[in-house]
Number of protein chains: 2
Amino acid sequence: MRRDIFQAIADPTRRAIIALIALQAMTPNSIADNFNTTRQAVSKHLRILTECELIKQEQKGREIYYSLQIEKMKEIDKWLEQFRKIWETRFNQLDDLLATIKKTTK
Amino acid sequence: MRRDIFQAIADPTRRAIIALIALQAMTPNSIADNFNTTRQAVSKHLRILTECELIKQEQKGREIYYSLQIEKMKEIDKWLEQFRKIWETRFNQLDDLLATIKKTTK
DNA sequence: AATATATGCAACTTTTTGGTTTCGCAATAT
DNA sequence: ATATTGCGAAACCAAAAAGTTGCATATATT
């Protein structure tokens, strides 16, 4: 099984779950209430999210609260880093290009 | 078909393609040379990436150069924004907590 | 103790995906 | 002109994923 963060956030329902529990821990049932799918389907998504450590569980009596492991989200940010460099320097490159054109056409 | 950015970057080969052409435009053949798959498989990935506007093509004679549309990558960054807020304030919360502990144990 | 609730898990079905093979088309080279 | 090269598209296949149904288990509630 692949089971990495990128595959985990590929599913729109899972992204919605992540956003939902980002601010406060929730139980599977209350999470499922927000979607048109069955509780079991949500449960499966939760399992996938748990497996790649994007969320964590906390048992409280017979209820299980799921919450986001925000730290893990930083891995996506880390991957984006390489591109952020590009889109930030692209402005500079444009400047350089314009400067070069100015020089050579002189 | 779903075909959104998150689904596009879910595949590791596609992520590698993105990184590969991020700095310079490349033809399907030269891209495929970097992987163990066939040109056609890469071609399919390129189509998916094109469909969600993550990359763009430029015909040059009989060759087609693919390059990254870096702007589109910002959409991922935009989605991360909501979580970045959380993980940034979490530090402050931690600071507050540490401050409180310091105070109370003194 | 009996029942209701919250949940996970396994089996099964249906889509979706990633890949290969084959084909056809357009541009270039001979 | 004819052959070669660079591509995309369609047909097909195997594997994976998403969802459903039907339990099993643990904890509340009465």
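How many residues of chain B are in contact with chain A, if two residues are in contact when their C-beta atoms, placed from the backbone, lie within 7 Å? In this predicted model, in which local features need pLDDT of at least 70, side-chain atom pairs count only at pLDDT 80 or more, and totals for chains, interfaces and linings use all residues, residues are numbered from 1 along each chain as its sequence is written. Chains are lettered from A and ligands numbered from 1 in the order in which they are written.

The contact between the two chains involves 18 residues of chain B and 18 residues of chain A. On the side of chain B that touches chain A, two or more residues come from each of helix 1 (5-8), helix 2 (12-21) and helix 5 (70-105) of chain B, where helices (H or I, at least four residues) and strands (E, at least two) are DSSP runs numbered from the N terminus. Helix 5 of chain B provides the largest share of this side, 11 residues. By class, the side of chain B that touches chain A comprises 12 nonpolar, 2 polar and 4 charged residues; here Ala, Val, Leu, Ile, Met, Phe, Trp, Tyr, Cys and Pro count as nonpolar, Asp, Glu, Lys and Arg as charged, and the others, Gly among them, as polar.

The same surface serves both copies, since 100% of the contact residues of chain B recur in chain A.

DNA strand C is surrounded by 25 residues, of which the closest are A:Thr27, A:Asn29, B:Asp11, B:Thr38 and B:Gly61. At least two residues of this surface are supplied by each of helix 3 (28-32), helix 4 and strand 2 (63-68) of chain A, together with helix 4 of chain B, and helix 4 of chain A gives the most, with 5 residues. The surface near DNA strand C has 6 nonpolar, 11 polar and 8 charged residues.

Around DNA strand D there are 24 residues, with A:Gly61, A:Arg62, B:Thr27, B:Asn29 and B:Ser43 the closest. The elements giving two or more residues to this surface are helix 4 (39-51) of chain A and, from chain B, helix 3 (28-32), helix 4 (39-51) and strand 2 (63-68). The residues of the surface near DNA strand D divide into 7 nonpolar, 10 polar and 7 charged.

Within chain B, strand 1 and strand 2 run antiparallel and are joined by 6 bridges, two strands being paired if DSSP finds at least two bridges between them. B:Gln59 has B:Ile64 in strand 2 of chain B as its bridge partner. The two strands form a hairpin with 2 residues between them, and B:Gly61 in the turn has a positive phi of about 70°.

Most residues other than glycine have a negative phi. A:Glu53, although not a glycine, has a positive phi of about 60°, and this residue lies in the loop between helix 4 and strand 1 (55-60) of chain A.

Technical notes. Near = placed C-beta within 6 Å.
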